[in-house]
Amino acid sequence: MWQYEKKLQYPVNIKNPNPKYAKIIISQLGGPDGEVGASLRYLTQRMAMPYSQVIGILTDVGTEELAHVEMVSAILYQLTRNLTPEEIVKSGFDTYFVDHTTGIYPVAASGYPYSASQFQSKGDVLTDLNEDLAAEQKARTTYDNILRLVDDPDVCDPIKFLRAREIVHYQRFCDALRIAQDNMDSKNFYGYNPAFDKGKK
Amino acid sequence: MNTDSRERLMREIQIYSFAVYEALLYLDAYPDSRAALDYYNKYKALEQKAMSEYQRKYGPISAPDNASSWQWTEGPWPWQNEGKR
């Protein structure tokens, strides 16, 4: 189970609301490489994972992703406070506002709602860990793109923190892949899938 | 209530918690690293000390073990920084 701690992993203190920034940053909540998908990916994949140590990495990275869902949501909440209808229309935030007011809802920047079709839990050790490595890099690229478009230090600071975490998670998944392969048949990693073909050698 | 010192103490907790979590992820991959374990233990103790101080002064961070009154649902919640603009 999980227990909540009433604190953000890293502080979010945004002085100036900016719905235009919220429109793009929301992709890291409900977009194809966002934090909701990241947490669900690792927390679902760990069930079929046969190696305890790799389960630990998936559990702890997946748990940290939940803290990132909260951080991105806090950024969005603070970017959309005290808006006037004029500001909402001018910034283009109106297309989101009409459906969600300033409530936080997981969508991509394109407006496409969060979809589990954007990640995999394949039930295959090597496939899942390679998906995780790619996922961390894709999220890192998205944060890089956000940093290319955003010019407010209050916003860039927590985004830079989140970007750095993608790199650390990537390193830990490199370790996870090594640990998995150390447990597998080095003569043929693809001879069988230890998450399914139990008992085979 | 002094918002500045509350914020400073929360920042201290966030720094220690970050060190703890970073060491935790590392230990998942390198459980035999004595240096990482020492680092984890050191920052876990500092985190717990700062958390106890914060909770004594400003209310619970996690649901309390034993409460004389129910402060858990009192704000501000972590994303609410309204007072600081």
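In chain B, helix α1 (residues 3–29) and helix α2 (residues 34–58) have axes that come within 8 Å and cross at roughly 150 degrees. That makes α1(B) roughly antiparallel to α2(B), a label given to angles over 145 degrees, whereas those under 35 count as roughly parallel, 65 to 115 as roughly perpendicular and the rest as oblique. The structure is a predicted model, in which local features need pLDDT of at least 70 and side-chain atom pairs count only at pLDDT 80 or more, while totals for chains, interfaces and linings use all residues. Residues are numbered from 1 along each chain as its sequence is written, and chains are lettered from A and ligands numbered from 1 in the order in which they are written.

**Confidence**

- The predictor assigns the complex an ipTM of 0.94 and a pTM of 0.96.
- Chain B has a mean pLDDT of 93, and 95% of its residues reach 70 or more; pLDDT is the predictor's confidence in each residue, from 0 to 100.

**The helix pair of chain B**

- The crossing of α1(B) and α2(B) is left-handed, a term used if the near helix is turned anticlockwise from the far one by less than a right angle, with right-handed used if clockwise.
- The contact of α1(B) with α2(B) has 20 nonpolar, one polar and five charged residues. In this classification Ala, Val, Leu, Ile, Met, Phe, Trp, Tyr, Cys and Pro are nonpolar, Asp, Glu, Lys and Arg are charged, and the others, Gly among them, are polar.
- Axes are lines fitted to C-alpha atoms, for helices over the stretch in contact, and angles run from 0 to 180 degrees between N-to-C directions.
- B:Pro76 lies in the segment after α2 of chain B, and the peptide bond that joins B:Gly75 to B:Pro76 is cis, with omega near 0 degrees.

**The interface between the chains**

- In the complex, 18 residues of chain B are in contact with 25 residues of chain A; two residues are in contact if their C-beta atoms, placed from the backbone, lie within 7 Å.
- The side of chain B that touches chain A has eleven nonpolar, three polar and four charged residues.

**Architecture of chain A**

- Chain A contains eight helices and zero strands, and its pattern along the sequence is α-α-α-α-α-α-α-α. Helices (H or I, at least four residues) and strands (E, at least two) are DSSP runs, numbered from the N terminus.
- The C-alpha trace of chain A spans about 65 × 35 × 30 Å along its principal axes.
- Of the 201 residues of chain A, 38% count as buried. A residue is buried if 20 or more other C-beta atoms lie within 10 Å of its own, exposed if 12 or fewer, and partly exposed in between, with C-beta atoms placed from the backbone.
- Among contacts in chain A between residues at least 6 apart in sequence, 78% join residues at least 24 apart.

**Packing of α3 and α4 in chain A**

- Helix α3 (residues 35–45) and helix α4 (residues 52–79) of chain A pack at an angle of about 160 degrees, with their axes 8 Å apart. The two helices, α3(A) and α4(A), are therefore roughly antiparallel to each other, and their crossing is left-handed.
- Residues of α3(A) in this contact include A:Val36, A:Tyr42 and A:Leu43, and those of α4(A) include A:Leu58, A:Leu66 and A:Val72.
- By class, the contact of α3(A) with α4(A) has nine nonpolar, four polar and two charged residues.

**Individual residues of chain A**

- A:Met49 is placed in the loop between α3 and α4 and counts as buried, with 23 C-beta neighbours inside 10 Å. Not counting residues up to four places away in sequence, A:Met49 touches A:Val54, A:Ile55, A:Leu58, A:Val125 and A:Ala195.
- A:Asn18 lies in the segment before α1 (19–25) of chain A and counts as buried, with 21 C-beta neighbours inside 10 Å. Leaving aside neighbours within four places in sequence, A:Asn18 is in contact with A:Leu79 and A:Asp152.
- A:Asn82, in the loop between α4 and α5 (85–91) of chain A, is a residue other than glycine with a positive phi, near 55 degrees. A:Asn82 counts as exposed, with 9 C-beta neighbours inside 10 Å.
- A:Thr101, in the loop between α6 (94–100) and α7 (125–149) of chain A, has a positive phi of about 50 degrees although it is not a glycine. A:Thr101 is exposed, with 11 other C-beta atoms within 10 Å.
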